[in-house]
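Hello,

Here is the structure I promised to hand over. Please open it first; my notes follow below.

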Amino acid sequence: MVSVEREGEQKRSLSYRKNKCVGCGICTDICPTEALRLGPLVPIARGLVDMDYVNVDKNKCALCGLCAASCPFEAFEFKIDDINIKEHELYPKWTSKAEIDEEECLYCKACETACPRDAITVSRELPERSKLVVGEIEINEDTCIHCGICEEMCPADAITMNNENIEAPEISVDEDKCVYCLICKRACPVDAIKAACRSCSYGIYEINPEDAETKGYSFIDEDTCVNCGWCQEICPVDAATVSKPFEGEVIFAEEAECKGESCHACMDVCPCNAISLVDGKSVINPKFCILCGACAKACPQDRIIIRRDKINMENVRSKSWQKQIDKLVGVESK
Amino acid sequence: MPVEIDMEKCGQIKDCPGEGLCIKICEQGALIEEDGKLVIIPEKCDDCDLCIQNCPNQAISKKS
């Protein structure tokens, strides 16, 4: 939805994208004309009110595009003559990003589970079980009394008994499912099952290692990813790499008292699932924090201070923009 | 110290732009509705100040 649009020498438009906004307030801090106002963060995050995190005052907005360029979440889309400044060579670019190395990925899905934005999809194709075992199995229909003990015991559900016709019951083994564990053979009361497992001993050489590989793909949705670092931290083979939008640290104001369970405003607004309560006080894990500042804005006790040392953005060509963007860095902003 | 409500600014809950947002946001149950008006139960207030921060009428405060 276009928030502001004007045509002059150029056509410029600014669109707010609610689904990408986390309510951090970077845009409201940076807007040179005070055209952006932050809504009630905590009630919105808790779903108590249905409002946008950010409101744009059309009359104040100068359509400069600074908000769109400085939003790490791309919650504002700014277009000049229908070209998104994200694609425009003259405008700044974030260097923060998250990637999964397909060569290294084992498709374990740990990142998919951990991602607080549900931005990761791991799709995998498992190897065929029958190609990973070697053996033989045969049930002697003449000896078999069709008691069904083997069917009940088979851990792989490979044995099916059909005794609809009581005169001529049938029993069969699905060799795609059978893993030659030999439980059926041992449990059969009439020794009707002949089975052997050759997976250990020399049979292992008959198994093609390629048949044992799990194939698949992992995908990070850039639209929802906030570069929090959960995937990087949780990946057991270091296949995920994340670079964050800011470097710096979170400081807690000593004189302020955290109200913990009564409040937990910071936890509710954090887009990174980086905050937890330890001994009744909120603690921010720097591994997952992106220093967006939503928690600092939400804390009614003003206990959280964000200190950004570096902003991972390049190609800031305008001095006045650099000056404005630098306001996010180096200072202890509330 | 529990919060204080400015009844003039608060008015009737049915007129509240946040539809009684303070009651919903207070997880201690310290703010309740009685006869259409906001009432505080001081002993339940934990001083988290979420109500002060989020009241659309700026009707809740603390004595400084």
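**The open sheet**

Chain A has an open sheet of four strands, in the order β1-β2-β5-β6, with antiparallel pairing. Its edge strands are β1 (2–7) and β6 (83–84), each of which pairs on one side only. Strands here are DSSP runs of E with at least two residues, helices are runs of H or I with at least four residues, and both are numbered from the N terminus. Two strands pair if DSSP finds at least two bridges between them. Strands of a sheet pair through backbone hydrogen bonds, either parallel or antiparallel. In chain A, β2 (residues 11–16) and β5 (residues 76–80) run antiparallel and are joined by five bridges. Ser15(A) stands opposite Glu77(A) in β5(A).

This is a predicted model: local features need pLDDT of at least 70, side-chain atom pairs count only at pLDDT 80 or more, and totals for chains, interfaces and linings use all residues. Residues are numbered from 1 along each chain as its sequence is written, chains are lettered from A and ligands numbered from 1 in the order in which they are written, and side-chain values use heavy atoms, with hydrogens and water left out.

**Two residues with contacts in both chains**

Leu21(B) lies in helix α2 (residues 21–25) of chain B. Leu21(B) is buried, with a relative accessible area of 3%. Buried means under 20%, exposed over 50%, and partly exposed in between (1.4 Å probe, protein chains only). Leu21(B) touches Pro43(A), Leu48(A), Val49(A), Cys16(B) and Asn54(B), not counting residues up to four places away in sequence. Contact means heavy atoms within 4.5 Å.

Pro300(A) sits in the loop between α9 and β19 (304–311) of chain A. Pro300(A) is buried too, at 16% relative accessible area. With residues up to four places away in sequence left out, Pro300(A) touches Cys263(A), Ala265(A), Cys48(B), Asp49(B), Leu50(B) and Gln53(B). The C-alpha atoms of Pro300(A) and Arg129(A) are separated by 56 Å, and the two residues are 171 residues apart along the chain.

**A buried lysine**

Is Lys297(A) buried or exposed? Lys297(A) is buried, with a relative accessible area of 18%. Lys297(A) lies in helix α9 (residues 294–298) of chain A. Its side chain makes a polar contact with the side chain of Asp29(A) (2.8 Å). A polar contact is a pair of N or O atoms within 3.5 Å; within protein, one must be able to donate a hydrogen and the other to accept it, and residues adjacent in sequence count only if both atoms are side-chain atoms.

Best wishes
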